[in-house]
Amino acid sequence: MKIKVTKNGPYLVSGNVPLYKIKFVVDEKGNPLGYGEKEKIETNEPYGLCRCGNSNNKPFCDGTHTKIDFDGEEVAALNVKDVYSEDIENEHIKLIDHYMYCDHSRFCLRHGGIRKLIKEDSDDANEKAKDEASNCPSGRLLIYDKETGQSTEPKFEKEINMIYDDGKHTSGPIWVKGGVPLESANGEEYIVRNRMTLCQCGKSWHKPFCNGMHWVSEEFQEKFLKRWGLD
Ligand code: FES
């Protein structure tokens with residue numbers, strides 16, 4: 001199974017990677033609580049997923065990218081080790097936060113935010129923090145139990161989920177689960193990750209990964225990058 005990023009074109013998916021659509025289940029504020037039932041999408045082998053955001057046959061590419069001068073240049077690091085990260089820890093758990101992978105799915109905003117929960121360091125707060133981190137589709141948030149050294153990474157089958165964000169009423173990222181290999185347009189391999197979210201709207205600044213631009217404004221992004229010293 002493999003996903004190949006093509007130059008200024010779609011993701012070419014081969015090896016019969018199952019494709020589904022899935023929706024966030026959201027609370028009254030529109031923050032995701034979990035995921036609804038996934039629904040299978042029939043595919044050819046291989047199949048091309050749109051990454052310019054303009055196909056008339058989504059989630060599949062219909063060739064529109066060639067008519068709109070789509071710039072799909074990849075800028076993300078191949079290895080997670082080269083992506084800016086911050087460690088936040090208490091006596092029991094450690095969170096490694098790779099902000100640049102954030103797809104703004106907002107699972108970590110519940111209960112006052114994951115950082116506040118870690119600061120609190122109660123059994124309840126730590127369990128909530130683990131739940132928030134493992135629900136994040138992008139893999140931005142990784143939590144380790146400091147006593148066992150084990151991560152709380154969820155187990156996934158290899159598959160792709162097209163997310164619909166019911167809180168923001170828009171299509172979300174392409175959620176790649178279970179460690180499907182990803183190859184860049186120039187033939188380099190990204191490090192295999194259990195969870196990653198790929199851009200499907202064509203607007204990400206961190207291609208091929210999603211950075212939430214399907215609903216987040218540029219001003220919002222700039223504010224946050226500044227806050228993290230990444231501007
Ligand atoms: S990438 Fe081909 S139509 Fe969007």
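This is a predicted model: local features need pLDDT of at least 70, side-chain atom pairs count only at pLDDT 80 or more; totals for chains, interfaces and linings use all residues.
For what follows, Ala, Val, Leu, Ile, Met, Phe, Trp, Tyr, Cys and Pro count as nonpolar, Asp, Glu, Lys and Arg as charged, and the others, Gly among them, as polar.

Start with the largest pocket, which holds about 400 Å³ of space. To find it on screen, centre your view on C102, C108, L109, R140 and F224: out of 23 lining residues, these sit closest to the middle of the pocket. Sorting the lining by class gives 13 nonpolar residues, alongside six charged and four polar ones.

Where does the lining of the largest pocket come from, in terms of helices and strands? Strand β8 (93–97) and the helices α1 (114–120) and α3 (218–227) each put in at least two residues. The largest share belongs to α3, which supplies three.

Now move on to the second largest pocket, with about 220 Å³ of space. Its lining is made up of K21, I41, C50, K58, P59, M162, I163, Y164, S171, G172 and Q200. Two strands, β10 (159–165) and β11 (170–177), are the elements that give two or more residues to this lining. Of these, β10 has the largest share, with three residues.

And how does the lining of the second largest pocket divide by class? Here you get six nonpolar residues, three polar and two charged. Among the names to look for are the lysines K21 and K58, since Lys counts as charged.

How values were computed: Residues are numbered from 1 along each chain as its sequence is written. Side-chain values use heavy atoms; hydrogens and water are left out. On a 1 Å grid over the protein atoms alone, a cavity is a set of points where a 1.4 Å probe fits but cannot get out, and a pocket is an open set with protein on both sides within 12 Å along at least five of seven lines; lining residues have an atom within 4 Å of a point. Grid points are joined across faces, edges and corners, and a volume is the space filled by probe spheres set on the points. Helices (H or I, at least four residues) and strands (E, at least two) are DSSP runs, numbered from the N terminus.
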